Amino acid sequence: MRFNDLLKEIFWAISGNKARSGLTILGIVIGIASVIALLSLGQGAKSSIQSSIESIGSNLIMVMPGMQRSSGVSSGRGSAQTLTIADAEAIKTSISDISGVAPVTSRSYQVTAGSNNTNVQVTGTTPDYSIVRSITLSSGSFISTGQVTSASKVAVLGPTTRDDLFGENAEAVGKTIRINKINFKVIGITTSKGGSGMTNTDDAIYVPITTAQRNLSGGTRISSIYIAASSQESMTSVQEQITTLLLQRHNISDSASADFSVMNQSDIASAASSVTSTLTTLLAGIAGISLLVGGIGIMNMMLTTVTERTREIGLRKAVGAKSSDIRRQFLFEAIALTFLGGGIGIFFGWITSLIVSRFISIQGQVTLSSILLAFGVSAGVGILFGYYPAKRAASLNPIDALRYE
Amino acid sequence: MIECQGITKTYQTGDISTTVLNNVSLKICNGEFVAIVGPSGSGKSTLMHILGLLDTPTSGKYFFDSQDVTKLSDDSLADLRRKKIGFVFQAFNLLPRATILRNVMLPLVYSKIPENERENQAKKVLDDVGLEKDHYQKLSNQLSGGQMQRVAIARSLVNNPPIIFADEPTGNLATQQSRIVMDTFKKLNKQGRTIILITHEHDIAANANRIISIRDGMIVGDVIK
C-alpha cells in the first residue's frame, strides 16, 4: 500500500463519520490546548518573575540580619537587629571590587499630601542606593551625601506614589509631603521600572537613612545592607569577604552561628524560577491527564471502528492486503486523529494564552519547544492508543471477518 | 492447476472437536468451470476457503500452481491471493460509502499499481461485466443486487487473476439477476479463467462443466459433463 493511498483511506474513514471523529478529536484538542496554554503561561510567569528580580539591580548582594535567639527560641530569620550603619561603612572602606554599599531601613507609613494620602514603604538609605538598585530619576535628584550627613527632611518618590499623592504625572518636585506627621520636601521622582505587586519599585519613598532613624523608626539598627559587586565574576569573592568581615566585627568565630545572612540576587532568582518551574510542570501534568482521557477516547473510537468494519477488513485481506497493511491503516488513522487534534489544540491553546494574558499581568509565551512537545505527545498518544485496536484489526482471521454479521 | 491430497479440517471448541472436511482429495485443471454443491453444513464453504487460501487445512497437502502452500506464511498467502485469486461473495461485500469505481480499484491499492492506470483497469473490467458507465460514480448501495454483484465480479477481475472463487454468488439475487450473473461467469470461463462456484442450488450448478458433490465433509460425487 502506497503512502498516498494510505492518506486517502484515512481521509475517507475520518470524513465518513464526521460527528464521531469530531468528538474524538475534541478530546485531544482540549488536552493539547490546555497543555500549551499552561506551559505558555508558566513560561510567562517565569520570565516576569525573572525580570522583576533583575529589576532589583544587577550583581546585587544582600546582607540580612540573622535570627534572634533568646534561650534557644528563634524568632525567625531577619528578626534580629544586628546590623548597623557602621557595618555598611566598614564594608565600603575595606572591601574592594564593589561599586556601591547602601544600608537600608524601611517600614510602611501613611503618607499625606494635601487631601490625598496613601500607605507606602518608606526606605531610609544613602546615595549609593541609586547605584545598587539601578535607580534613575525622571526629574529632580536623588538623596545626596550632604543630606544624609545633615539628616535633611527630603524625599524621593516613585512615580506611582507621586501619582497617588499629587495626581497623574503632576509636577511634585519642591512640594511637601507628610510622613508620620513630619513634613518632607520632595526632591526627585524616579523613573518607572514597571514592576508590580510586592516588588513594585514604583510605589516607594526614599529618604536619607539618618532622617529615617532619627525621625521615623527611632533606632540605630538597619534592616539590611545592599551591596553591588563591580562584576558578575567578583560576586563570590565579595560575598566571602563580607561574611568574614562581619563575623570579625560581630565577634563570632563559628560561621554557623552568624547573626546575619549574605545572599545574592541569583540565589533568589534560581529559587523563584525553581518554584515556577515546579508549578508549571504540575499544571501541565494536570493538563496531561486530560490528554490521557483524550487518548482513551481515541482508543474507544478505534475499537468501535474496527468492530464496525470487520467485514471490510476481511474483504481487504481476501483481495490481498497483508496484516501489516491493515495494521498500518488503522494505526495511521488513530495518529491522524491525534495530529488533527494536536494542530487544532495548539491553535486554541495559543488563543487561550493570549486571552488570559490580557486579563492577568503575565505575558504568555508559546515556545517552539512546547509546540514540538505537543506534536510529539499527540503522535505518541496516537501510537499508544491506536496500536491495540490496529493490532486487533490486523489479527482478524479473514474468514471470520468475512462472515461477521 | 490446483490439487489437494487428503485434506482434513478439524475445529476444536473446548473438549469437542468437529471434523468439517474429512480426507478430501481433488484436482482442478486450468480453464475448468467447477461447481461444488452440497447442503449447508456439508463443508463446501470451508473447502472453498482452503482452496482460496483464506484458511489452512489441519492436515493434508495442497498444491496451488504446483507449489505446496500448506506451509506458507500469512503474508505469502496474501500475495498469492492478490495475484492469482478473485473472490465473489454472496453478500457482495462492497464498501458502502465508496463509489463503484473506488470499490473496483480496491485490490489495486495493494498491488502498488500507479494511480492513473488503476482507473483504466477498473473501467475495463466494469465494461467486461456489462455495467453501464453512468453507474461508475454512484455509491454501491444505490445499485440493484444484480448490479452490485457484477461490481463485485469486476473487483475480483481487476488484478486479472487466473482463478475466480464464487461463494453462493446468486444467493441474494432474483432469478433474472441470477441468470445475468451466471452468464457473466460463463463468459469469463470462455476467456480461459478457472471458475470455482460454491452453491446449494442445482440449477445454478448446472451452468458449470463439472459438478463436485460434497456431504458431511467428504466428496460423494464428481461429474464432468
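A: A helix axis is a line fitted to C-alpha atoms over the stretch in contact, and angles run from 0 to 180 degrees between N-to-C directions. Helices (H or I, at least four residues) and strands (E, at least two) are DSSP runs numbered from the N terminus. The model is predicted, with local features needing pLDDT of at least 70 and side-chain atom pairs pLDDT 80 or more, while totals for chains, interfaces and linings use all residues. Residues are numbered from 1 along each chain as its sequence is written, and chains are lettered from A and ligands numbered from 1 in the order written.

Q: At what angle do helix 1 and helix 11 of chain A pack, and how far apart are their axes?

A: Helix 1 and helix 11 of chain A pack at about 65 degrees, with axes 9 Å apart.

Q: Which residues of helix 1 and helix 11 of chain A meet?

A: Contact requires C-beta atoms, placed from the backbone, within 7 Å. From helix 1 of chain A come A:Leu6, A:Glu9, A:Ile10, A:Ala13 and A:Ile14; they meet A:Arg328, A:Gln329, A:Phe332, A:Glu333, A:Ala336 and A:Leu337 of helix 11. By class, this helix contact has 7 nonpolar, 1 polar and 3 charged residues (nonpolar: Ala, Val, Leu, Ile, Met, Phe, Trp, Tyr, Cys and Pro; charged: Asp, Glu, Lys and Arg; polar: the others, including Gly).

Q: How many residues does each chain bring to the contact between chain A and chain B?

A: Chain A brings 19 residues and chain B 20. On the side of chain A, helix 1 (3-16), helix 10 (310-318), helix 11 (323-359) and helix 13 (398-403) each supply at least two residues. Helix 10 of chain A gives the most, with 5 residues. That side of chain A has 9 nonpolar, 3 polar and 7 charged residues.

Q: In what order do the strands of the open sheet in chain B lie?

A: Strands of a sheet pair through backbone hydrogen bonds, either parallel or antiparallel. Here pairing takes at least two DSSP bridges between two strands. The open sheet of chain B has 6 strands in the order 6-7-8-3-9-10, with mixed pairing. Strand 6 (85-88) and strand 10 (218-224) are at the edges with a single partner strand each, so one side of each lacks a neighbour in the sheet. Neighbouring strands are turned by 15 degrees against each other on average, direction ignored. Helix 6 (residues 175-190) of chain B packs on this sheet, touching strand 3 (33-37), strand 7 (163-167) and strand 8 (194-199), and its direction makes about 150 degrees with that of strand 8.

Q: How do strand 9 and strand 10 of chain B run, parallel or antiparallel?

A: Strand 9 (residues 210-215) and strand 10 of chain B run antiparallel, joined by 6 bridges. One bridge pairs B:Arg210 with B:Ile224 of strand 10.

Q: Is strand 11 of chain A mostly covered or exposed, and which strands join it?

A: A residue is buried with 20 or more other C-beta atoms, placed from the backbone, within 10 Å of its own, exposed with 12 or fewer, and partly exposed in between. Strand 11 (residues 224-229) of chain A is mostly covered, 5 of its 6 residues being buried. A:Ile227 of strand 11 stands opposite A:Ile61 and is the bridge partner of A:Val101.

Q: Where is B:Asp134 found?

A: B:Asp134 is in the loop between helix 4 (115-128) and helix 5 (145-157) of chain B. B:Asp134 is exposed, with 7 other C-beta atoms within 10 Å.

Methods
Contact = placed C-beta atoms within 7 Å.
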